[in-house]
Amino acid sequence: MSMMREFREFAIKGNVIDLAVGVIIGAAFAKIVDSIVADLIMPLVAVLIGKIDFSSHFLVLGSLPAGTPMTLDAVRKAGVPVLAYGNFITIAVNFLILAFIIFLMVKQINRLKREASPAEKAPPAPPEEIVLLREIRDSLRVKS
């Protein structure tokens with residue numbers, strides 16, 4: 001079998017297509033979560049804790065050229081190495097929120113699957129031989 005034919009069979013399988021759809025939806029979902037964090041949650045955190053913008057917290061690791069503003073973008077444009085720990089905090093918060101949302105979604109889907117599953121089936125009827133043996137046993141008990 002040629003490599004091209006094997007690749008075509010692999011690519012046509014449903015799992016690969018499902019994976020591609022999942023990646024595309026995941027990328028769109030990540031943008032939604034980024035917006036939720038940046039536009040809804042972080043402003044609330046700033047109100048509760050104080051005027052905190054985590055993305056502006058960084059540590060300059062090199063010498064800063066004169067006249068360079070102390071903003072993360074300006075320092076990076078100047079080519080100075082920085083440790084952007086505030087950016088990491090923001091991304092970690094994004095991850096935690098995303099993980100929590102996915103947990104809630106999976107929990108809800110599992111709950112719906114349990115509700116939608118048909119009622120438990122009655123145990124299968126015992127074989128005819130067992131039924132006959134039980135009848136014989138019961139009739140012998142009555143005679144005794």
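A residue is called buried under 20% relative accessible area, exposed over 50% and partly exposed in between, with a 1.4 Å probe and protein chains only. By that scale valine 45 is partly exposed, with a relative accessible area of 23%. The structure is a predicted model, in which local features need pLDDT of at least 70 and side-chain atom pairs count only at pLDDT 80 or more, while totals for chains, interfaces and linings use all residues. Residues are numbered from 1 along each chain as its sequence is written, and side-chain values use heavy atoms, leaving out hydrogens and water.

**Fold and overall shape**

- Five helices and two strands make up the secondary structure of the chain; these are DSSP runs numbered from the N terminus, with helices (H or I) of at least four residues and strands (E) of at least two.
- The order along the sequence is α-α-β-α-β-α-α.
- The chain is more spread out than a compact globule, because its radius of gyration is 32 Å, well over the 15 Å that the globule rule gives for 144 residues.
- That radius is taken over C-alpha atoms, and the globule rule is 2.2 Å times the number of residues to the power 0.38.
- The C-alpha trace spans about 110 × 60 × 25 Å along its principal axes.

**Surface and charge**

- Of the 144 residues in the chain, 12% are buried.
- The accessible surface is about 12000 Å², and 69% of this surface belongs to carbon and sulfur atoms; the areas come from the Shrake-Rupley method with a 1.4 Å probe.
- There are 16 positive and 13 negative side chains, and the centres of the two sets lie 2 Å apart.
- Lys and Arg count as positive and Asp and Glu as negative, without His and the chain ends; each charge is placed at NZ of Lys, CZ of Arg, CG of Asp or CD of Glu.

**Nonpolar cores and contacts**

- The largest nonpolar core has six residues: Phe58, Leu72, Val75, Val80, Val82 and Ala84.
- A nonpolar core is a set of buried Ala, Val, Leu, Ile, Met, Phe, Trp, Tyr and Cys residues joined through side-chain atoms within 4.5 Å.
- A second, separate core of five residues includes Val33, Val37, Met42 and Phe54.
- Beyond its neighbours within four places in sequence, valine 75 is in contact (heavy atoms within 4.5 Å) with residues including Phe58, Leu64, Pro69 and Val82.
- Among contacts with a separation of 6 or more, 43% join residues 24 or more positions apart.

**Individual residues**

- Valine 45 lies in helix α2, residues 14–49, and touches Gly50 and Phe54, not counting residues up to four places away in sequence.
- Arginine 141 lies in helix α5, residues 128–143, and is exposed at 58% relative accessible area.
- Arginine 141 and phenylalanine 88 are 53 residues apart in sequence and 78 Å apart in space, C-alpha to C-alpha.
- Alanine 125 sits in the loop between α4 (85–116) and α5 and is exposed, at 71% relative accessibility.
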